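Take a look at the model below. Follow the chain with your eye, then read on.

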Amino acid sequence: SVAMSAEESKEPKLEDLKDLNMDNISALIVKWVSPVEQVSPFKLGDVQKTIADIHQETGNAVAPFFVAGQIVFLLLFLAYFVMGIIALCLDFPAMDAPCAKDSWVWLYVLLVVVIPTSVGFVIGMVQTVVQWVSTSSPVKFEVPSIYFNLPAPIIYITLGVLGIVLWANMSEQCDTFYSQNHGMLLVIFHIQVIIMSVAAFLGVVTVWVQLMVLIRGWTNQESDPLLPKEGGDKKN
């Protein structure tokens, strides 16, 4: 566990709800929806948390907008996920199509539907347990967000690069074949490649910023004697 810094100690808690402060309530909603958002490629909760790590008041101020964004993106992800499963089922014959060995379209759609969602579900479960333990435990602690956010960008980068290579190397004959016989599968494939590429870029940026914030926190804790340190109390 990592001891909370002075800035982290200002993070809204459940008891702040009694103040009817919309910023605090929104920040709490973003915090508790973030584990669910792990299954989605676009994790707005991580962005809001990064802003709050840099400047707590600004992070709380923009939280209401991120709450709305989280709900919209989760609904869009649910629709995309259902459409992906439907495409895999309806276009199952594409797995053995003549172009399948070169284009991997059906297999790629399957990988993008299964791997990020499964890994995100596991990470979300772990994050929920950690938040619950941190909230109910008498000893407060904070696990840096980067530990939860690092696996997803690695997966998105891998799938994004693979998708770009497959799309770029797809022959005109294969593209025509999929368009005429498996149009829905091809559309899902294109959407997935774009989503994975954008998610990879946003994920890398988010993790990089969080890493910088984490390093800055360690540096400030070592240089500022007023900040609490492990094994010691804050000086008066």
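Phe77 is buried, with a relative accessibility of 12%. Tyr80 is buried too, at 13%. This model is predicted. Both residues sit in helix H3, which spans residues 56-90. They are three residues apart, so about one helical turn separates them.

A search of the whole structure finds six aromatic pairs. Phe77 and Tyr80 make a tilted one. Together with Phe81, these two residues form one aromatic cluster. Phe92 and Trp106 form an edge-to-face pair, because their planes stand at 85° and an angle over 60 degrees counts as edge-to-face. Here are the two pairs side by side.

| Pair | Centre to centre | Angle between planes |
|---|---|---|
| Phe77 and Tyr80 | 6.0 Å | 50° |
| Phe92 and Trp106 | 5.5 Å | 85° |

The pair of Phe92 and Trp106 links distant parts of the chain, 14 residues apart. Phe92 lies in the loop between H3 and H4, while Trp106 belongs to helix H5. Phe92 is partly exposed at 43% relative accessibility. Trp106 is buried at 10%.

Now for Trp104. This residue lies in the loop between helix H4 (100-103) and helix H5 (105-136). Is Trp104 buried or partly exposed? Trp104 is partly exposed, with a relative accessible area of 38%. Its phi is positive, about 60°, although Trp104 is not a glycine. Most residues other than glycine have a negative phi.

Finally, the whole chain. The protein chain has nine helices and zero strands. Of its 236 residues, 42% count as buried. Its accessible surface comes to about 13,000 Å², and 72% of that belongs to carbon and sulfur atoms.

Definitions and conventions
Residues numbered from 1 in each chain as written. Predicted model: local features only at pLDDT ≥ 70, side-chain atom pairs only at ≥ 80, totals over all residues. Heavy atoms only, no water. Helix = DSSP H or I, 4+ residues; strand = E, 2+ residues; numbered from the N terminus. Buried < 20%, exposed > 50% of the residue type's maximum accessible area, 1.4 Å probe, protein only. Areas by Shrake-Rupley, 256 points an atom, 1.4 Å probe, with all protein chains shown as cover. Phe/Tyr/Trp six-rings, centres within 6.5 Å; stacked < 30°, edge-to-face > 60°.
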